Structures are given as structure tokens and as C-alpha cells.
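Me: I would like to learn how to read a model of this kind, going from the whole chain down to single residues. Could we take the features in turn, with the general idea before the case?

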Amino acid sequence: MDAQFALAGKDFVISVTDKKVARSIVTMKHNEDKTYELTPHTIISVSGEAGDTANFSEYIQGNIRLYSIRNSQDLTPSETANFIRGELASALRSRRPYQVNLLVTGFDKTTGEASLYWIDYLSAMSKIPYAAHGYCSYFLYAVMDREYSPDITQEQGLEIVKKCFAALKMRFLVDFPEYTIKVVDSNGVREISMSEL
């Protein structure tokens, strides 16, 4: 049961994932960072089977870095999302599909815009202003539908994140005490602690 959501403003994206790794009734880890930095301005957050998420994410991370080295330039968030979608689609048609859901968040330095891509394990992809994966999406889409507007500031985005936390705490069966919160903007990727909210 992962909690994973994100929202995009004009020039920033906020990505949030829980830190818990659990299987069935056993919690194995309380401090897992479920995000992977692909370029200085692009990250992915992953949810799904623990082995698949780590394996697929490291494979993608390695290939994106290899592309950057070979071509002396980084992929844009859009190019990254399309590459990931293609790799998931290829794996889906093989004997080894990945059970991985992703949110690709990034800032495109050439256009000056931030973007968020929702990708599921069946390799469906969509560019959207806010997204969630997992059971938490049943509660969080209502909050984000009500609170989101295309011209939000980063401070307003963090307020929406706080409201999402409150909705999960009040309504969701599973308690997530800690989250990884990352902001991607023109300055790159930075992590925000829970105490800063």
C-alpha cells in the first residue's frame, strides 16, 4: 500500500511519496526514498512491487545517465516520460513485465515549464496537472480537484500537500508517519522536510 502523489504549477512540481515498505501485514522499512533522480531537473517516484520498482528504476536511471554522457545533454521531462513508457510497453509484451507505477516530474529548461506525467504498469501515460497512484488516490483526487488551479504558487502547492496529508490521516486505514517531499524547479531538485510544511 503505497502513497504517491504530485502536483505541477507553471514553474515547479511537488512530488510526495511515503517512506514505508510493506508486504502483506509486515512492515520491512520505514525510511525508504521511493524517488530516483534521473537528471538535475527530472525525478521519478515509483510504487508497486518492491523488487520491480528498484530494478526498473535503476535500469531507467542508468540508461538516462548513459544518454546524457553519450550526447552531452540531458533528456527533457517529456522525452524521459516517453522513453520510460516505451520500456514499460516492451517489458509488458515480454515474459517479464514490471509491476511499477510511476510519476515523472521535471522542469524543462528550454521552455521554462514544469511537467508531470502519470504512467501506470500497463504503460498508459498522460501529462496532467496533478496525479496519484495507489489506494491513497481514492481520497486525494477529491482534495486536489477542489484545491488545484493552474496558476498556483509553490506555497499554495505545499498547502495542498498539507491538506492531502490531513485527508489521508483522517480517512485512510493505513497510517503513513513520514513522507519524502521533493520540489523540482529551475534550481533543480530539493527535498523539503515534514517540519518545514
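Reply: Let us begin with charge, where the convention is that Lys and Arg count as positive and Asp and Glu as negative, with His and the chain ends not counted, and where the place of a charge is taken as NZ of Lys, CZ of Arg, CG of Asp or CD of Glu. The protein chain has 21 positive and 25 negative side chains, and 4 Å lies between the centres of the two sets. Please keep in mind that this is a predicted model, in which local features need pLDDT of at least 70 and side-chain atom pairs count only at pLDDT 80 or more, while totals for chains, interfaces and linings use all residues. Residues are numbered from 1 along each chain as its sequence is written, and side-chain values use heavy atoms, with hydrogens and water left out.

Me: What radius of gyration does the protein chain have, and what would a compact globule with 197 residues have?

Reply: The radius of gyration is taken over C-alpha atoms, and the globule rule is 2.2 Å times the number of residues to the power 0.38. For 197 residues the rule gives a value near 16 Å, and the protein chain agrees with it at 16 Å. Taken along the principal axes, the C-alpha atoms fill a box of roughly 45 × 40 × 25 Å.

Me: How much of the protein chain counts as buried, and how is its accessible surface made up?

Reply: A residue is called buried under 20% relative accessible area, exposed over 50%, and partly exposed in between (1.4 Å probe, protein chains only). By that criterion 49% of the 197 residues are buried. The accessible areas come from the Shrake-Rupley method with a 1.4 Å probe, and for residues only the protein chains shown count as cover; the total for the protein chain is about 10200 Å², of which carbon and sulfur atoms contribute 49%.

Me: How many helices and strands are there, and what share of the contacts joins residues 24 or more positions apart?

Reply: Helices (H or I, at least four residues) and strands (E, at least two) are DSSP runs, numbered from the N terminus, and the protein chain has four helices and 12 strands. A contact means heavy atoms within 4.5 Å; among contacts with a separation of 6 or more, 60% are between residues 24 or more positions apart.

Me: What span should helix 4 have, and against which elements do its buried residues pack?

Reply: The expected span of a helix is 1.5 Å times one less than its number of residues. Helix 4 (residues 154-171) has 18 residues and should therefore span 26 Å, which agrees with the 26 Å between its end C-alpha atoms. Its buried residues include Leu158, Val161, Phe165 and Leu168, and the buried set packs against strand 1 (4-8), strand 2 (12-18), helix 3 (137-147), strand 11 (179-185) and strand 12 (188-192).

Me: Where is arginine 146 placed, and is arginine 146 buried or exposed?

Reply: Arginine 146 belongs to helix 3 and is exposed, because its relative accessible area is 57%. Between arginine 146 and isoleucine 160, which are 14 residues apart in sequence, the C-alpha distance is 9.6 Å.

Me: Which residues does valine 100 touch, beyond those up to four places away in sequence?

Reply: Valine 100, in strand 7, touches Val46, Ser47, Asp52, Thr53, Phe56, Leu88, Asp120 and Tyr121, and counts as buried because its relative accessibility is 0%. Although valine 100 and tyrosine 121 are 21 residues apart in sequence, their C-alpha atoms are 5.0 Å apart. Asparagine 101 is likewise in strand 7 and is buried at 18% relative accessible area; its contacts, neighbours within four places left aside, include Gln4, Ile119, Tyr121 and His133.

Me: Where do serine 72 and serine 123 lie, and what is the phi of serine 72?

Reply: Serine 72 is in the loop between helix 1 and helix 2, with a positive phi near 55° in a residue other than glycine, and counts as exposed at 70% relative accessibility. Serine 123, in the loop between strand 8 (113-119) and strand 9 (125-127), has a positive phi of about 65°, but counts as buried at 5% relative accessibility.
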